[in-house]
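This report describes a ligand site and the residues around it. Please view the sequence and structure first.

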Amino acid sequence: MDIKIKEIFENVYEIDLEDGVKRIGTKSIVKGKKVYDEKIVKVDDEEYRIWNPHKSKLGAAIIKGLKVMPIKRNSKVLYLGASAGTTPSHVSDIADRGIIYAVEYAPRIMREFLDSCKDRINLIPILGDANKPQEYSNIVEKVDVIYEDVAQPNQAEILIKNAKWFLKKGGYGMIAIKARSIDVTKDPKEIFKEQKEILESNGFKIVDEVDIEPFEKDHIMFVGKWLG
Ligand code: SAM
């Protein structure tokens, strides 16, 4: 099989397996180890982990045409809502010269996440509540990017709170908003507009937004620049 690989953002690759399916992936920093059931493609001496957009909202946003990708090789990232580590593991491949502080509040899920972190030296697991940034302020430093995927009604407020504690001025917040977590009765478009207004009236300038259907229903990804 002839495999074509093109870097589309720092350490993010479009991977063409010549079957007509658009795929992306990251170059694994831990060769020989899967984090979820991702497919591994070996090219020369490298292993690329195919990024499943059905299992990762960041993957879905990239496939759906994200234009501003603030997570780069050297980035310091605060990741809120790590779950078992699917998306954090790709972020860890991307920021291979950076660091990712990944917060998760469910102890049972944290145990699974610890397994993903084991060999990833740039991924720091933190058992904590994203609503209470002061509780992890002794561990987390100032970061370039905050990525949030917690599916909570007050998710915009959580991002703003954490940005005040940890985000460098001029840094970026990325937030996956799930309309149904906020109000099941309202039109998702109305909810997205309100959430954008909350972010914009509290220090963020929205610089990119991507509807991630059909991978996730009624979800949007906002990228905001922190003006402080
Ligand atoms: N970001 C993950 C990924 O793409 O691989 C999936 C995240 S999942 C949709 C949401 C996670 O946020 C759950 O694991 C949940 O336990 C966690 N969560 C919800 N509220 C939280 C909070 N206040 N603090 C920390 N984690 C929270």
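The model is predicted, so local features need pLDDT of at least 70 and side-chain atom pairs count only at pLDDT 80 or more, while totals for chains, interfaces and linings use all residues. Residues are numbered from 1 along each chain as its sequence is written, and side-chain values use heavy atoms, with hydrogens and water left out.

The ligand sits in the largest pocket. A pocket is an open set of points on a 1 Å grid over the protein atoms alone, where a 1.4 Å probe fits, with protein on both sides within 12 Å along at least five of seven lines; a molecule sits in it if more than half of its atoms lie within 2 Å of its grid points.

Around the ligand there are 19 residues (a heavy atom within 4 Å), of which Tyr 79, Thr 87, Glu 104, Asp 129 and Ala 130 come nearest. The shell comprises eight nonpolar, seven polar and four charged residues. Helix α2 (residues 86–94) gives the most to this shell, with three residues.

| Side chain | Ligand atom | Distance |
|---|---|---|
| Tyr 79 | nitrogen | 2.6 Å |
| Thr 87 | oxygen | 2.5 Å |
| Asp 129 | nitrogen | 2.8 Å |

Taken alone, the ligand exposes 600 Å², and the protein buries 87% of that (Shrake-Rupley method, 1.4 Å probe).

Thr 87 lies in helix α2. Thr 87 counts as buried because its relative accessibility is 5%, the cut-off being under 20%. Its side chain also makes a polar contact (N or O atoms within 3.5 Å, one able to donate a hydrogen and the other to accept it) with the side chain of Ser 56, at 2.7 Å.

Key: On a 1 Å grid over the protein atoms alone, a cavity is a set of points where a 1.4 Å probe fits but cannot get out, and a pocket is an open set with protein on both sides within 12 Å along at least five of seven lines; lining residues have an atom within 4 Å of a point. Helices (H or I, at least four residues) and strands (E, at least two) are DSSP runs, numbered from the N terminus. Ala, Val, Leu, Ile, Met, Phe, Trp, Tyr, Cys and Pro count as nonpolar, Asp, Glu, Lys and Arg as charged, and the others, Gly among them, as polar. Buried means under 20% relative accessible area, exposed over 50%, partly exposed in between (1.4 Å probe, protein chains only).
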